[in-house]
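User: I have a structure that is new to me. Could we go through it piece by piece?

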Amino acid sequence: MNDQEGFAISVEEAEIGYQEGGVPIGAALVSSHGKLLGRGHNMRVQKGSAIHHGETAALENSGRLPASAYKNATMFTTLSPCDMCTGACILYGISRVVIGENGTFLGGEAYLKQRGIEVVVLGDKKCQDLMGKFISEKPEVWNEDIGEEVRVHSKEAKA
């Protein structure tokens, strides 16, 4: 499996997440030998989960693997990974992270690089458009997903 195929799986996962009403972030974990280890998408809304992001879902769906399986693996993700997902990539020794876009959200890319992990940002318009559409439709869910306080501007909230 090449980079184009790995990234296409992550985009497909993001689209599935969007269709399910969740945050459209997808991921795919591919071994150094080109084998798909796991794929997944953000399921915080669907599962009522605090930690089921795209990258953690791909890791979860990989099953229990020996450390050697992650060595030189690539995590494909449609959006720059948050601190939690950055940490997961570091913890499992993933050596490369390919990101669809980082204009909507800039995660732990600098830390990944500092830890010796190769980071590739594609600037993919399809990923940007899907995130933009989702954020305009469900800004409160997006803010929750990135840990932002949601402010209510109604008269009832001031009572």
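User: What stands opposite Ala28 in strand 2?
Analyst: Arg39 in strand 2 stands opposite Ala28. Strands (E, at least two residues) and helices (H or I, at least four residues) are DSSP runs, numbered from the N terminus. This is a predicted model, in which local features need pLDDT of at least 70 and side-chain atom pairs count only at pLDDT 80 or more, while totals for chains, interfaces and linings use all residues. Residues are numbered from 1 along each chain as its sequence is written, and side-chain values use heavy atoms, with hydrogens and water left out.

User: And which residue is the bridge partner of Ala28 in strand 3?
Analyst: That partner is Phe76. For Leu29, the bridge partner in strand 3 is Met75.

User: In which sense do strand 1 and strand 2 pair, parallel or antiparallel?
Analyst: They pair in the antiparallel sense, over five bridges. Two strands count as paired if DSSP finds at least two bridges between them. Strand 1 also pairs with strand 3 in the antiparallel sense, over four bridges. In general, strands of a sheet pair through backbone hydrogen bonds, either parallel or antiparallel.

User: What lies between strand 1 and strand 2?
Analyst: The two strands form a hairpin with five residues between them. Gly34, in the turn, has a positive phi of about 85°.

User: How many strands form the sheet, and in what order?
Analyst: Five strands form an open sheet in the order 2-1-3-4-5, with mixed pairing. Strand 2 and strand 5 (118–121) stand at the edges with a single partner strand each, so one side of each has no neighbour in the sheet. From one strand to the next, the twist averages 15°.

User: Is strand 1 buried or exposed?
Analyst: Five of the five residues of strand 1 are buried, so the strand is largely enclosed by the rest of the structure. Buried means under 20% relative accessible area, exposed means over 50%, and partly exposed is in between (1.4 Å probe, protein chains only). Gly26, Ala28 and Val30 are buried on one side of strand 1, and Ala27 and Leu29 are buried on the other. In a regular strand the side chains alternate between the two faces of the sheet.

User: Moving on to helix 3: how many of its residues are buried?
Analyst: Helix 3 (residues 54–62) has seven buried residues out of nine. They are Gly54, Glu55, Thr56, Ala57, Ala58, Leu59 and Ser62.

User: What do they pack against?
Analyst: The buried residues of helix 3 pack against strand 1 (26–30), strand 2 (36–41), helix 4 (67–70), strand 3 (74–79) and helix 5 (83–91). Contact here means heavy atoms within 4.5 Å. After helix 3 comes Gly63, whose phi is positive, near 80°.

User: Which residues of the largest nonpolar core touch the most other members?
Analyst: Of its 17 residues, these are Leu29, Leu59, Met75, Cys89, Ile94, Val97 and Leu112. A nonpolar core is a set of buried Ala, Val, Leu, Ile, Met, Phe, Trp, Tyr and Cys residues joined through side-chain atoms within 4.5 Å. At least two residues of this core come from each of strand 1, helix 3, helix 5 and strand 4. Helix 5 supplies the largest share, three residues. Apart from this core lies another, of 10 residues, among them Val23, Phe134, Val141 and Trp142.

User: Where does Asn42 lie?
Analyst: Asn42 is in the loop between strand 2 and helix 2 (44–47). Asn42 counts as buried because its relative accessibility is 0%. Leaving aside neighbours within four places in sequence, Asn42 is in contact with Val23, Ile25, His52, His53, Gly54 and Asp145. A polar atom of the Asn42 side chain lies 3.0 Å from the backbone nitrogen of Arg44.

User: Why does Ile16 count as partly exposed?
Analyst: Ile16 counts as partly exposed because its relative accessibility is 27%. Ile16 lies in helix 1 (residues 3–19).

User: Lastly, which feature does UniProt place at residues 1–119?
Analyst: The UniProt record, an unreviewed entry, places "domain: CMP/dCMP-type deaminase" there. UniProt positions are given in the numbering used here, feature names are shortened, and annotations may be inferred rather than shown by experiment. In the model, residues 1–119 are 41% helix and 21% strand, and the end C-alpha atoms of the span lie 19 Å apart.

Note on methods
A polar contact is a pair of N or O atoms within 3.5 Å; within protein, one must be able to donate a hydrogen and the other to accept it, and residues adjacent in sequence count only if both atoms are side-chain atoms. Axes are lines fitted to C-alpha atoms, for helices over the stretch in contact, and angles run from 0 to 180 degrees between N-to-C directions.
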